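Q: I am new to this one and would like to go through it piece by piece. Could we begin with the overall layout and then look at the details?

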Amino acid sequence: ADTKVYRASTTAPVNIAVVKYWGKRDPKLNLPTNSSLSVTLSQDDLRTLTTASCSSAYKEDTLLLNGSPSDLTGARTQACLRELRSRRAALESNDASLPKLSTMPLLLVSENNFPTAAGLASSAAGFAALVRATADLYELPASPTELSLIARQGSGSACRSLFGGYVAWRHGSQADGLDSKAVEVAPASHWPTMRALILVVSAAKKGVSSTSGMQQTVATSGLFKQRIADVVPANMETMEAAIAAKDFAKFAEVTMRDSNSFHATCADTYPPIFYMNDVSRAAVRAVEAINAAAGRTVAAYTFDAGPNAVIYYLEEDKETILGTFYPLLQDTDGWKDGAKVFKTSVELDE
Ligand code: PMV
């Protein structure tokens with residue numbers, strides 16, 4: 001019997017949305033209520049490395065996350081594995097000479113090069129790496145966009161981590177989700193001086209999960225209807241034009257407005273959800289102060305489903321940003337003791 005171990009490894013980067021995905025029209029398939037757009041961060045700084053292997057000598061599907069056995073039985077993970085296996089099985093049924101990898105137990109070993117406990121969303125990089133590593137193991141002839149259809153079912157935002165640079169997730173309109181996928185808006189090389197400063201509120205506890213936060217927002221927020229009908233479509237259009245023109249002031253304005261809009265819909269749910277805290281708001285004020293002092297827009301803040309701030313800026317303004325940001329935040333209580341600078345300069349992935 002074939003007890004050989006078949007193996008493939010890959011890495012996937014973290015992405016941070018500048019137009020946020022928030023709301024599912026189909027929770028089972030992770031189909032979103034709106035399109036979104038993100039910037040992919042450098043793999044040198046923030047990435048998941050996953051090795052997928054399979055062998056008939058293995059007992060059962062296993063996932064090791066940063067060295068510890070992890071749950072693989074969740075519906076989302078199972079959906080990804082099912083899709084990958086059925087694509088492999090299709091290849092095998094067309095070519096009898098292929099080893100029957102689709103029937104062998106899988107071992108998935110995943111490592112983040114950043115502390116999972118830091119409160120940074122790691123599910124995007126995690127599912128993207130899991131899907132690509134397994135697709136490589138199965139030798140599936142799949143483009144990043146095709147793989148994005150599978151990764152999306154693990155975690156919505158994961159579909160955008162199959163690309164570097166500037167990435168859009170088109171919401172699509174089909175019930176089967178086959179048109180809800182990620183596409184490259186521009187490669188990192190188009191605008192290579194983009195940087196992200198990540199400020200981690202280390203005391204942050206995990207609050208409302210993105211899945212239940214979205215569910216509550218869709219069900220109870222009136223403001224959300226306006227966000228979906230008007231705000232996001234306009235933000236997507238302006239953001240894509242800003243990226244094409246490398247217009248940082250526009251990029252920054254849409255980034256900040258969209259973050260504000262997303263957190264406003266959370267506050268508009270009943271009961272309200274608050275992801276940002278006083279420390280987060282101090283970062284907003286610091287960005288406003290930096291931009292006012294510079295006399296132009298040099299920094300943009302954005303917040304996901306937690307209190308950590310991500311600040312986008314351009315390499316040419318590095319001195320202004322880092323030189324002003326640190327002293328400003330050091331005078332703020334929360335940042336002094338409860339937060340730390342996690343990464344100063346994050347280059348885009350190619
Ligand atoms: O991919 P999820 O289900 O963890 O949701 C991510 C939601 C946000 O991070 C808040 C926004 C986004 O587009 O990444």
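Q: How far apart are the C-alpha centres of domain 1 and domain 2?
A: In this predicted model, the C-alpha centres of the two domains lie 26 Å apart. Domain 1 covers residues 6-188, and domain 2 covers 194-343.

Q: How many residues does each domain put into the contact?
A: Domain 1 contributes 21 residues and domain 2 contributes 28 residues.

Q: Which strands supply the side of domain 1 that touches domain 2?
A: E2, E5 and E11 each supply at least two residues there. E2 gives the most, with 3 residues.

Q: What is that side like by residue class?
A: The side of domain 1 that touches domain 2 has 13 nonpolar residues, along with 5 polar and 3 charged ones.

Q: Turning to the sheets, what is the order of the open sheet of 4 strands?
A: The order is E2-E5-E10-E11, and the pairing is antiparallel. Strand E2 (15-19) and strand E11 (181-186) each have a single partner strand, so one side of each is left without a neighbour in the sheet. From one strand to the next, the twist averages 35°.

Q: How many bridges join E5 and E10?
A: Strand E5 (residues 36-40) and strand E10 (residues 166-170) are joined in the antiparallel sense over 4 bridges. Within this pair, Val-39 stands opposite Tyr-166 of E10.

Q: Which helix lies across E2, E5, E10 and E11?
A: That is helix H5 (residues 223-245), which runs at about 115° to E2.

Q: And the open sheet of 5 strands, what is its order?
A: Its strands follow the order E1-E6-E9-E7-E8, with mixed pairing. Strand E1 (6-13) and E8 are the edge strands, and each pairs on one side only. The twist in this sheet averages 25° from one strand to the next.

Q: In which sense do E1 and E6 pair?
A: E1 pairs with strand E6 (residues 47-54) in the antiparallel sense, over 8 bridges. Ala-8 stands opposite Ala-52 in E6. Helix H2 packs on this sheet, where it touches E1, E6 and strand E9 (106-112), and its direction makes about 150° with that of E1.

Q: How many residues does H2 have, and what span does it reach?
A: H2 (residues 123-137) has 15 residues and reaches 21 Å from its first C-alpha to its last, close to the 21 Å expected at 1.5 Å a residue.

Q: Why is H2 described as largely enclosed?
A: Of its 15 residues, 13 are buried, so H2 is largely enclosed by the rest of the structure. The helix is followed by Glu-139, which has a positive phi near 50°.

Q: How many residues of H3 are buried?
A: In helix H3 (residues 144-154), 8 of the 11 residues are buried, so this helix too is largely enclosed by the rest of the structure. Among them are Leu-147, Leu-149, Ile-150 and Arg-152. What covers the buried residues of H3 includes helix H1 (75-94), H2 and E11.

Q: Back to E8 for a moment: is Pro-69 buried or exposed?
A: Pro-69, which lies in strand E8 (residues 68-70), is exposed, because it has 9 other C-beta atoms within 10 Å and a residue with 12 or fewer counts as exposed.

Q: What does Pro-69 touch?
A: Leaving aside residues up to four places away in sequence, Pro-69 touches Thr-62 and Leu-64. Its C-alpha atom is separated by 9.2 Å from that of Val-109, which is 40 residues apart from it along the chain.

Q: Now the loops. Where is Asn-66?
A: Asn-66 lies in the loop between strand E7 (62-65) and E8. Its phi is positive, about 50°, although Asn-66 is not a glycine. With 14 C-beta neighbours inside 10 Å, Asn-66 counts as partly exposed.

Q: What about phi of Lys-246?
A: Lys-246 has a positive phi near 50° and is likewise a residue other than glycine. It is found in the loop between H5 and H6.

Q: One last item: which form does the peptide bond from Tyr-270 to Pro-271 take, cis or trans?
A: That bond is cis, with omega near 0°. Pro-271 is in the loop between helix H6 (248-267) and helix H7 (278-294).

Terms used: Residues are numbered from 1 along each chain as its sequence is written. This is a predicted model: local features need pLDDT of at least 70, side-chain atom pairs count only at pLDDT 80 or more; totals for chains, interfaces and linings use all residues. Two strands pair if DSSP finds at least two bridges between them. Axes are lines fitted to C-alpha atoms, for helices over the stretch in contact, and angles run from 0 to 180 degrees between N-to-C directions. Two residues are in contact if their C-beta atoms, placed from the backbone, lie within 7 Å. A residue is buried if 20 or more other C-beta atoms lie within 10 Å of its own, exposed if 12 or fewer, and partly exposed in between; C-beta atoms are placed from the backbone. The expected span of a helix is 1.5 Å times one less than its number of residues. Domain bounds come from an automatic or database domain assignment. Ala, Val, Leu, Ile, Met, Phe, Trp, Tyr, Cys and Pro count as nonpolar, Asp, Glu, Lys and Arg as charged, and the others, Gly among them, as polar.
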